[in-house]
Amino acid sequence: MEERQKDWYRPAQTEEPSAAREHDPVGAKEELMQAYGTPEPPAPVKKRRWGLIVGITAGIALLLALIVGTALLFADSDDTAQGDDYSDYGFFQSENGHKITGENTIARADPNPAVTLTFTDRKEDTELELQDLYEKCIPSIVGVAAGLNSGYSWGTGVVMTADGYILTNTHVLEKASDVQVSLTDGRIFPAKLVGCDPVSDIAVLKVEATDLTPAEFADSGNVRVGDSVAAIGNPLSGKFGGTMTDGIISGVSRNVSYGGRTQTLLQTNAALNEGNSGGALFNRYGQVIGITNMKMMTTADATVEGIGFAIPTATVQTVVKDLLEDGEMRPCLGVYVYVKEKSDDAGPAGLEVNSVSRNSDAAAQGVKTGDIITEINGQPIKNFDVVTELLMELHAGDTVTLKIWRNGTFLEKTVKLIPQSDF
C-alpha cells in the first residue's frame, strides 16, 4: 500500500533512448521512432479548423458543467446555520442538535474543596523556544478515552494536580460509561468523574496517582491579540498523540453560539483537530491559558481555515472551583446580565438583563430584556459577586424573589432557579 501511494505522487517517467546523443543523431532519430512510433502526417487545414470548432464547443460545455456542478456542490454543503449558531462548529456530533448535555454514567469521585486551580505570573521571565516549551509541557498532557456503546470518544486532558485531578471537555465524556486516561510514559489509569459542566464544556476527572506532572496555569485575562501560543493535544483519536501546533491569539472574548448556548472563548490560528478537545493552549512561558474545545469548519457560505477556540482559564478556574466543592455547577437564574453601575435617567444601578433563556423560569415569570434587577431576596445587587454568594447556599429548584425596575416602576418576581445545564 505504501509503494502504491508513492506511485500516485511520482511523475510519469520514460526512458530516453540510448542512441539519443550528440555523436549519433541518425541512430537517435531511429530509436526515438521505434520507442514512440512514427508521427502522423499533418492534418489538412480544413480538418484542423473543424477540430478547433469541436474543441471550443466541448470547452464551453465543460465550463457550463463545471459552473452547474460547483453550484450544486456548494448548495449541498450548506450547513444548517441559524444566525451565528453554526452546526459545523466543534469537534463532536450529538443526537441532541449538537447541544452538550453532560449526560453520562461514569463512576463518580467525591468532591474535594481543598483542591484549587491557581495562576502563576511569569511576565518577567524569558519566553521559551518551542522545543523547550514542548519538553516542559508534554508530561502534563494526557489521552482521554471515554467508553461508549459503539466504541470510544477520544480526546485530551490536562493534568491539574500531581495527585490525579485532570481537566478535559464535557463533550468528550458525552454518553460515556467509563473513562481511561493514558500518560505520556505509557501508564494507563481508569478515571472517575468529579463533575462536569455542559455550559462551559469543562469537566474534572480523578485518577489514583501521586506522581503526575501538573501543568502551570496563567490568568487568561492578561492575554492580548498577537500573543504567541502553542496547542498540545492528541488529534485524530490519538494517532498523532502529543502533537504540538503553534500560532497566535487571534481574538479574545469571542462570543461563540453553539448548540443553543453562548460561550466566551479565546480565538487562535494554531491548528486544532478532532482529538484536541480538552487539550491545552499554552503561552510562550509554558503556561496554560485555555482549554481547547472547538474550531470553526464551515459556514453556510464558505469553508473556514485557522479559526480555533479555547476556554479561557479565567472561566476554567471558576467552574473548577464549583465542581470540586459540590461536584456540580451553582444554580442560575437563567438570564444574561451586565452591571449597570450608576443610577441615571435610564434607571437605578443593578444588573441589567441582556437576554433571558427560554428554558428558564425567569422567562416563564415574565422577566424581560431591559429589566434592571436591584435586589435578590431583599439584598441589594450591584455586582456579580453578591449574586455568587447568594447562590452558594441554594440549589436548582429553589426560588428567589427579584426586585426589578422596569419603565419607571418597581416589580417583584418570584423565580425558580435552574441547573446550569438547562441554561
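Two strands are said to pair if DSSP finds at least two bridges between them. With this definition in hand, the reader may turn to the structure, which is a predicted model. Strand E15 and strand E16 (residues 372-376) run antiparallel and are joined by two bridges, so they count as a pair under the definition just given. Within this pairing, Glu352 has Ile372 of E16 as its bridge partner.

Strand E15 (residues 350-356) also pairs with strand E14 (residues 335-340), again in the antiparallel sense, and here six bridges are found.

Strand E1 (residues 141-148) is linked to strand E2 (residues 151-159) by eight bridges in the antiparallel sense. In that pairing, Ile141 finds its bridge partner in Val158 of E2. As a guide to viewing such strands, side chains in a regular strand alternate between the two faces of the sheet.

Another antiparallel pair is made by strand E18 (residues 399-406) and strand E19 (residues 409-416), with eight bridges between them. Across this pair, Ile404 stands opposite Leu411 in E19. The two strands form a hairpin with two residues between them, and in this hairpin Asn407 takes a positive phi near 50 degrees.

Attention may now pass from strands to a loop. Leu272 lies in the loop between strand E10 (261-268) and strand E11 (280-283). Is Leu272 buried or exposed? Leu272 counts as buried because its relative accessibility is 5%, and the cut-off for buried is under 20%. Leu272 and Pro235 are separated by 37 residues in sequence, while their C-alpha atoms are 7.5 Å apart in space.

The cysteines complete the account. Cys137 has a relative accessibility of 2% and therefore counts as buried. Cys332, at 7% relative accessibility, is likewise classed as buried. A disulfide requires a pair of cysteine sulfur atoms within 2.5 Å, and by this rule the count of disulfides is zero.

Note on methods. Residues are numbered from 1 along each chain as its sequence is written. This is a predicted model: local features need pLDDT of at least 70, side-chain atom pairs count only at pLDDT 80 or more; totals for chains, interfaces and linings use all residues. Side-chain values use heavy atoms; hydrogens and water are left out. Helices (H or I, at least four residues) and strands (E, at least two) are DSSP runs, numbered from the N terminus. Buried means under 20% relative accessible area, exposed over 50%, partly exposed in between (1.4 Å probe, protein chains only).
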